[in-house]
There are 2 protein chains.
Amino acid sequence: MNDLEVRQLRYFVAVAEELHFGRAAARLGMAQPPLSRTIRDLERQLGVTLFERTTRQVKLTGAGEVLLRDARTALEAITAAAHRARHAGSTSPRLRIAIKADIDGGLLPQILDAYGTDPAALPTELVLGGLGDQPKALRDGLADVALVLRPMDDRGLDSESLITEPVLVAMAATDPLAARTELRLADLAGRSLPSGAPADGGRAVPRRPGVTRPASNLSEIFSLVETGSIVFFAPASVARRNPRPGVAYRPVSDLPNCTLAIVWPQDARSPAVAAFVRVACTIAATRRTQAEPQMQSTTA
Amino acid sequence: MNDLEVRQLRYFVAVAEELHFGRAAARLGMAQPPLSRTIRDLERQLGVTLFERTTRQVKLTGAGEVLLRDARTALEAITAAAHRARHAGSTSPRLRIAIKADIDGGLLPQILDAYGTDPAALPTELVLGGLGDQPKALRDGLADVALVLRPMDDRGLDSESLITEPVLVAMAATDPLAARTELRLADLAGRSLPSGAPADGGRAVPRRPGVTRPASNLSEIFSLVETGSIVFFAPASVARRNPRPGVAYRPVSDLPNCTLAIVWPQDARSPAVAAFVRVACTIAATRRTQAEPQMQSTTA
DNA sequence: GCGATTGATACCCTGGGGATATGAATGACC
DNA sequence: GGTCATTCATATCCCCAGGGTATCAATCGC
């Protein structure tokens, strides 16, 4: 009945991911025997076998899969505890806002301005990138609030939708398809997508290796788009803010709209976070009411 | 940058709860000096002071409060991982349903019957009590799904409302207030509530010590109600199923309705859980449509 | 059947977590 | 204000658990 410890979970996750004791040990920077022993002890302790192992292959049992999932979230919770405590103890508390560059729909400047006047406000700090996984940055305690595109993995998080907009496809202006005014997903079947994490709202689009090195920022992606190497899905606001001569944006009729949402850890109690969320929702609401006539005049 | 370990968090939580190193050490079954040293090391490791301590008093700093909250959820996640893995490895997998006795609104038998016929169903097992905190039982991995009254602490959990019903107050038939047909909360100001965890849907009602020993089950509570020692709030279905000569149920006009909800861990992926939720929602829906005419005929 | 690969076992050794003894600071009380 | 009790911190020792090296054993490819 002794409880699990972080070391055991870390080791278990490593083995579960590598499915190979030697490689897992290498990744952990240790020798293989103590790793094997730790896993064995873990299994004894839980009274459960986690891996079916022969000398030639290692694979997870059902219980192992359950533990893998839970172990990951538990480890996230632990690292989040450390990060948040560290941050809370720092002499200059700040509100850390995680965004993926350029997906904020142009809302962020207004939000920041308005937030600055709020009595509960803290100085803000933008957390860029964060491995492209803002929800994880929140779960790991590296940020206090995030702007992300739905759908996303919202386990442990609360969120509020801000604005919804259509998704356009960006393609080379010279692409034959660019001659058409409207496309369907099927038309794009042959085109490759960025091999990095694309700013497409996390939508699960079939992806195939088109470029060797993952492109991580919009400029890289756009240069690939211009050369016709790839196509790329972007929310309308991103398209509007990135007009480029060689790039054509076209609506895709059967692609659902994407939604920009503000997200924060479910158990956040900080008034600074609450104030930021409130401000963001207000700004988005005014934007929405303004946007409708604008949209019409733009499309007209 | 070494990561936190469970031992450190356990110790920290103990000290944070006791606000006294000696007592915390006793609770942990260890001597005080190593505890002090562990906390000191933890603070060094995080680069944050967690307690303001003099020889006469210990109190949490801001960072300490942040860590306390996060540490609790992290520890819950760890114990949940252990429990779920143990359960998943057991030879007879079961769906563990956490309920507080008698608050299921009479739905449970039907749900269990219908669930039994579902192809994805597992044998079921009722987890009673669970310290009266079903959400915690879910978070700790002691149950797979729960029936609880809203509002409740839903951090990390998903839920679906089943039925909503009014809350009645149960009082001694001899109570002068029982002569009235309808009451307001203010009328009950002088009455005491059960000192145990009351089945009032977790509503934060002011409570004062009326009885020495906490009453944990309905029969105990009802005998106290009959003697006029306490009053007690119960959903209408509980009242309907517990008619007792010495007890009068009266509506309370300014008490909001309570909602029975089905709850499960947010990251549950088990088809058995999904099937149970689906079945429960269906049963509740049919009950709702049946109930409305019934309710009218009952009140008429 | 032989060698290569890979997980398990045997054994040693060091560091860290725990205990005891003691110091130091604060508040209570006369 | 001096004394005592309380309580957290420091000093020191000890032991075991976690890690390393060497080796075995089993499986697969040829």
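Copies are superposed by least squares on the C-alpha atoms of residues with pLDDT of at least 70 in both.

**View 1. Rotation axis relating chain A and chain B of the predicted model.** Chain A is superposed on chain B by a rotation of 180° with 0.0 Å of shift along its axis, at an RMSD of 0.1 Å. The two copies are thus related as by a two-fold rotation axis. Among the residues of chain A, A:Gly156 comes closest to the rotation axis, its C-alpha lying at 2.6 Å. Both copies use the same surface: 97% of the contact residues of chain A recur in chain B, where contact means heavy atoms within 4.5 Å.

The model is predicted, so local features need pLDDT of at least 70 and side-chain atom pairs count only at pLDDT 80 or more, while totals for chains, interfaces and linings use all residues. Residues are numbered from 1 along each chain as its sequence is written, chains are lettered from A and ligands numbered from 1 in the order in which they are written, and side-chain values use heavy atoms, with hydrogens and water left out.

**View 2. Cis peptide bond between B:Arg150 and B:Pro151.** Omega of this bond is about -5°. B:Pro151 belongs to the loop between strand S5 (145-150) and strand S6 (157-165) of chain B. Strands (E, at least two residues) and helices (H or I, at least four) are DSSP runs, numbered from the N terminus.

**View 3. A:Leu19, with positive phi.** A:Leu19 is not a glycine, yet its phi is near 55°. In chain A, A:Leu19 sits in the loop between helix H1 (6-18) and helix H2 (21-28). The relative accessible area of A:Leu19 is 34%, so the residue is partly exposed; buried means under 20%, exposed over 50%, and partly exposed in between (1.4 Å probe, protein chains only).

**View 4. B:Leu19, with positive phi.** Phi of B:Leu19 is about 50°, although the residue is not a glycine. The loop that holds B:Leu19 lies between helix H1 (6-18) and helix H2 (21-28) of chain B. B:Leu19 has 35% relative accessibility and therefore counts as partly exposed.

**View 5. Strand S7 of chain B and its pairing with S8(B) and S9(B).** Strand S7 (residues 167-172) is mostly covered, with six of its six residues buried. Strands pair if DSSP finds at least two bridges between them. S7(B) runs antiparallel to strand S8 (residues 232-235) of chain B, joined by four bridges, and B:Val169 stands opposite B:Phe233 in S8(B). With strand S9 (residues 247-251) of chain B, S7(B) pairs in the antiparallel sense over five bridges; the bridge partner of B:Ala170 there is B:Tyr249. In a regular strand the side chains alternate between the two faces of the sheet.
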